[in-house]
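Reader: Hi! Could you walk me through this one while I look at it?

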Amino acid sequence: MQNDRNLVNLALIGFMGTGKTSVGHLVAEHLNFEFLDTDELIQTATGRTIADIFAQDGEPAFRALEHRVVQELAGRRQTLISTGGGLPANQANLASLKNHSLVVCLWASPEKIWERVCHQTHRPLLHDPDPRAKIRELLAVREPYYKQADVLVNTDLRTLREVAHQVAHQYRLARSDH
Ligand code: S3P
């Protein structure tokens with residue numbers, strides 16, 4: 001990692017169902033950081049649900065809102081930023097996060113992701129006749145972006161607490177290197 005990086009925040013990226021929100025809350029507690037979630041920020045700013053934005057305005061409109069939220073995060077300090085699964089699949093979003101955050105990707109295999117999301121209904125991208133194929137397809141497209149994270153943590157065989165400890169540890173290490 002470059003030595004001149006500014007690591008005042010920690011951003012969690014990764015596919016749907018990798019545990020960003022749950023892990024994010026635990027890590028924020030460990031580090032005494034404020035917790036923010038980009039989907040929640042969008043919902044608060046628009047007064048609408050993500051599902052509604054996708055259904056009424058389409059995915060490009062949602063991605064534009066996501067991009068605006070990322071830009072607004074640039075002034076944050078001591079914040080744990082949990083991001084929507086598709087947010088880093090935009091090089092400008094990733095670059096913006098890297099200006100102020102250690103970017104940590106939570107990784108999971110398509111099988112684990114399916115196990116975790118199959119009983120949930122709130123994600124419009126998984127309302128598909130073949131959601132398992134959709135997961136594999138989206139993961140393949142996004143993998144090159146996820147792998148640009150500063151740290152990759154595999155969540156397949158770890159509990160949420162173990163993942164959170166690992167993420168907080170990596171953040172402390174990165175800070176002490178600077
Ligand atoms: C999306 C992931 C969702 C949400 C939206 C789109 C994606 O967030 O932003 O439904 O493109 O992967 P989570 O990753 O928190 O489920």
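Reader: Let's start with Thr-79: is Thr-79 buried or exposed?
Author: Thr-79 counts as buried because its relative accessibility is 0%. Buried means under 20% relative accessible area, exposed means over 50%, and partly exposed is in between, with a 1.4 Å probe and protein chains only.

Reader: Before we go on, what sort of model is this?
Author: This is a predicted model, in which local features need pLDDT of at least 70, side-chain atom pairs count only at pLDDT 80 or more, and totals for chains, interfaces and linings use all residues. Residues are numbered from 1 along each chain as its sequence is written, and side-chain values use heavy atoms, with hydrogens and water left out.

Reader: Thanks! Where does Thr-79 lie?
Author: Thr-79 is in strand E3, residues 79–82. Helices (H or I, at least four residues) and strands (E, at least two) are DSSP runs, numbered from the N terminus.

Reader: Which side chain makes a polar contact with that of Thr-79?
Author: The side chain of Arg-76 does, at 3.2 Å. A polar contact is a pair of N or O atoms within 3.5 Å; within protein, one must be able to donate a hydrogen and the other to accept it, and residues adjacent in sequence count only if both atoms are side-chain atoms.

Reader: And Gln-78, where is that found?
Author: Gln-78 is in the loop between helix H4 (59–72) and E3. With 48% relative accessibility, Gln-78 counts as partly exposed. Its phi is near 50°, a positive value in a residue other than glycine.

Reader: Why does Asn-32 count as exposed?
Author: Because its relative accessible area is 66%, and the cut-off for exposed is over 50%.

Reader: Switching to the ligand: which residues are closest?
Author: Lys-20, Asp-39, Arg-63, Arg-123 and Arg-142 are the closest of the 13 residues that surround the ligand. A residue is near a molecule if one of its heavy atoms lies within 4 Å of it.

Reader: Which atoms lie by the ligand's oxygens?
Author: A polar side-chain atom of Arg-142 is 2.7 Å from a ligand oxygen, and one of Asp-39 is 2.8 Å from a ligand oxygen. For Gly-86, a polar backbone atom lies 3.3 Å from an oxygen of the ligand. The protein buries 94% of the 390 Å² that the ligand exposes when taken alone, with areas from the Shrake-Rupley method and a 1.4 Å probe.

Reader: Last topic: where is Lys-147 found?
Author: Lys-147 is in the loop between helix H7 (131–146) and strand E5 (151–154), and it is partly exposed, with a relative accessible area of 44%. Its side chain makes a polar contact of 2.8 Å with that of Glu-143. Lys-147 and Cys-105 are 42 residues apart in sequence, yet their C-alpha atoms are 7.6 Å apart in space.
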